[in-house]
Amino acid sequence: GSLRLPGGNVSDPSGKEGLAALTAAALRNGGAGRLKPEAFDKALENKAISMGCASEAEDFNATFSCLAEDLPSALGYFADLVRHPGFDDKRLATDQLDQADELKRVEDTPDSITRVLFTKSLFGRSPYGRWGSPSSMKKLSVKDVRNFYSAHFGPRGSLLVITGKFDEAAVLASLEGLFKGWKGQSKTPAYQDAEPLGPTIY
């Protein structure tokens with residue numbers, strides 16, 4: 001299954017680049033519903049359910065896969081992940097370090113940093129030209145993540161796709177119950193035209 005929501009990295013506030021990516025990582029790793037991170041991970045492991053979350057350029061993507069007979073359980077865990085993330089402090093700190101290390105590797109790799117600098121020059125001061133760095137990542141807090149999630153995650157513009165062998169009517173009824181009352185996000189993505197910086201020397 002895959003749930004796509006509008007937003008993504010273009011939703012990063014100025015001065016808090018990398019927040020969308022950190023929120024996506026914390027969404028998966030911080031526990032969900034009434035389960036702490038370790039208990040949530042164990043519950044998925046016991047059912048051979050895999051889940052992941054990612055922030056892309058213009059959208060967020062949350063995915064899951066499971067055996068057909070475990071779909072009802074998977075949907076329940078998935079709804080908790082998307083609607084009631086735990087954002088555990090310790091897991092968030094680990095995610096933050098992992099994200100900062102990944103960004104540091106980008107800066108240390110000539111091919112990668114060249115693409116980053118080209119993107120910044122091409123898109124300039126628009127949201128598309130923002131790029132996270134180790135320093136911007138380390139400045140982010142649990143409060144930043146929670147506020148970002150509340151503002152940007154919701155049903156408006158979302159698309160949920162499920163493939164496999166299942167009872168369509170039963171799954172639709174389950175989804176209606178699991179996602180009933182999910183409040184719409186308060187902010188829409190900042191899709192804007194590029195504002196190139198012009199000739200630039202780095």
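Q: Is the crossing of helix 1 and helix 4 left-handed or right-handed?
A: In this predicted model, local features need pLDDT of at least 70, side-chain atom pairs count only at pLDDT 80 or more, and totals for chains, interfaces and linings use all residues. Residues are numbered from 1 along each chain as its sequence is written, and side-chain values use heavy atoms, with hydrogens and water left out. A crossing is left-handed if the near helix is turned anticlockwise from the far one by less than a right angle, and right-handed if clockwise. For helix 1 and helix 4 the crossing is right-handed.

Q: Which residues in helix 4 do those in helix 1 meet?
A: Contact means heavy atoms within 4.5 Å. From helix 1, Ala21, Leu22, Ala25, Ala26 and Asn29 take part, and they meet Arg91, Leu92, Asp95, Gln96 and Gln99 in helix 4.

Q: Is serine 133 buried or exposed?
A: Serine 133 lies in the loop between helix 5 (110-123) and helix 6 (134-138). Not counting residues up to four places away in sequence, serine 133 touches Leu103 and Glu107. Buried means under 20% relative accessible area, exposed over 50%, and partly exposed in between (1.4 Å probe, protein chains only). The relative accessible area of serine 133 is 17%, so this residue is buried.

Q: Which residues are exposed on the other side of helix 7 from the buried ones?
A: In helix 7 (residues 142-152), the buried residues are Asp144, Val145, Phe148, Tyr149, Ala151 and His152. They cover an arc of only 170° around the axis, so they lie on the same side of helix 7; the arc is that of the directions from the helix axis to the C-beta atoms. On the other side of helix 7, the exposed residues are Lys143 and Ser150.

Notes:
Helices (H or I, at least four residues) and strands (E, at least two) are DSSP runs, numbered from the N terminus.
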